Amino acid sequence: FSTNALTINQNSLKFQGNTSPNPSYNTTGQAITCTYIDSTKGWIPTVDDDVTLETPQTYSLQYLVIAGGGAGGGSHRAGGGGAGGYRNSYDVETSGRNSSTETPWTVSPGTVITVTVGSGGAVSSAANGGKGGDSSISASGQTTITSYGGGGGGEYQANADSGTYGSGGGSGHESNVAHTGSDGTAGQGFDGGDCNVTNSIAQGAGGGGASENGAGGGTTSASTGGAGLSSAITGVATTRAGGGGAGSYGQGGKSNGGNGGGGNGGHDSSTDTSGVADSHGYYYPTSGTDNTGGGGGGTAGPSNSTTYGRGGSGVVILRVPTANYSGTTSGSPTVSQSGSDTVIVFNSSGSYTT
């Protein structure tokens, strides 16, 4: 059999309850006895040394893969962090950078899907924000789906770091000198804002989100983070992957993070007194929300540069027909039902066996 496999032509009858594919036996020395049961089950192997399902059925696996968000810039007048990359194959929903829905995977039983969930980016004092960690799903015979971590925001007087990011980080601000944010990736997220207005208005630029660019800095309006995107893959519409707001010295007020978990930028008390302030009156930025891929907020003043807006961690969500759900997972995902489907939410890395 291993050299010349035995393939059974079903002639439209069922074998192990299925009409296709044709069962094939390919183990040397294998012994098979088949018994006809009824029109529902058809022929069933009652003796089978291989003891496997010889007519495996494929099914559709839908996914939402979001990477970790970038951190806001340190020091002061800093840029907001970019959101983690956003890739969505569910229903006809929008994917990152307002692109078309991706193609779901077609899977067979017994395939191990490795799930990686990216961490949020970090930053140290007086430095550009750190990049978020990549999130991905991979399996034998499938093209790996990777969402890139969000770009970090630029610190005071700095461009955001260049690189490959889901959404880009906003630039830091410098009086009368232009600085640039980093770019997002097609199909994943938008660009961070630039500070290309050469004036003395002390405000960084917002981080990019899944559905729009971060706002530019150095203006009299708030430099907010770009908005994220909504998905109902879990059965409840939820917006994720918003960019971080920029740090500012009052002009434009507090720069909020983008809808979808983006952290708010730090600010002073001249136009807004919400949040927690240090002894010098600079309000701390906030971090991106974990498991949304939101970017962190940029810092405002040098006296609070050691308290920064880190990026929010990512998330991976799988959705499969309940009739095909195997129940075999690792990494302790949350499992729930939505209609006729089972939803598997990974807030940390793990695996699912189809």
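Select Asp 191 to begin: this residue is buried, with a relative accessible area of 19% (buried means under 20%, exposed over 50% and partly exposed in between, with a 1.4 Å probe and protein chains only). The model is predicted, so local features need pLDDT of at least 70 and side-chain atom pairs count only at pLDDT 80 or more, while totals for chains, interfaces and linings use all residues. Residues are numbered from 1 along each chain as its sequence is written, and side-chain values use heavy atoms, with hydrogens and water left out.

Asp 191 and Arg 97 form a salt bridge, with 3.2 Å between the closest N and O atoms (a salt bridge is a side-chain nitrogen of Lys or Arg within 4 Å of a carboxyl oxygen of Asp or Glu). Because Asp 191 lies in the loop between β10 (145-147) and β11 (229-231) and Arg 97 in the loop between β6 (86-88) and β7 (105-107), the pair ties together parts 94 residues apart in sequence. Strands here are DSSP runs (E, at least two residues), numbered from the N terminus. Arg 97 is partly exposed, at 29% relative accessibility.

Now move to Arg 319 and Asp 341, which form a salt bridge whose closest N and O atoms are 2.8 Å apart. This pair links distant parts of the chain, 22 residues apart: Arg 319 belongs to strand β13 and Asp 341 to strand β16 (residues 341-346). Arg 319 is buried, with a relative accessible area of 7%, and Asp 341 also counts as buried, at 14%.

To conclude, view the whole structure, where a search finds five salt bridges.

Conventions. Helix = DSSP H or I, 4+ residues; strand = E, 2+ residues; numbered from the N terminus.
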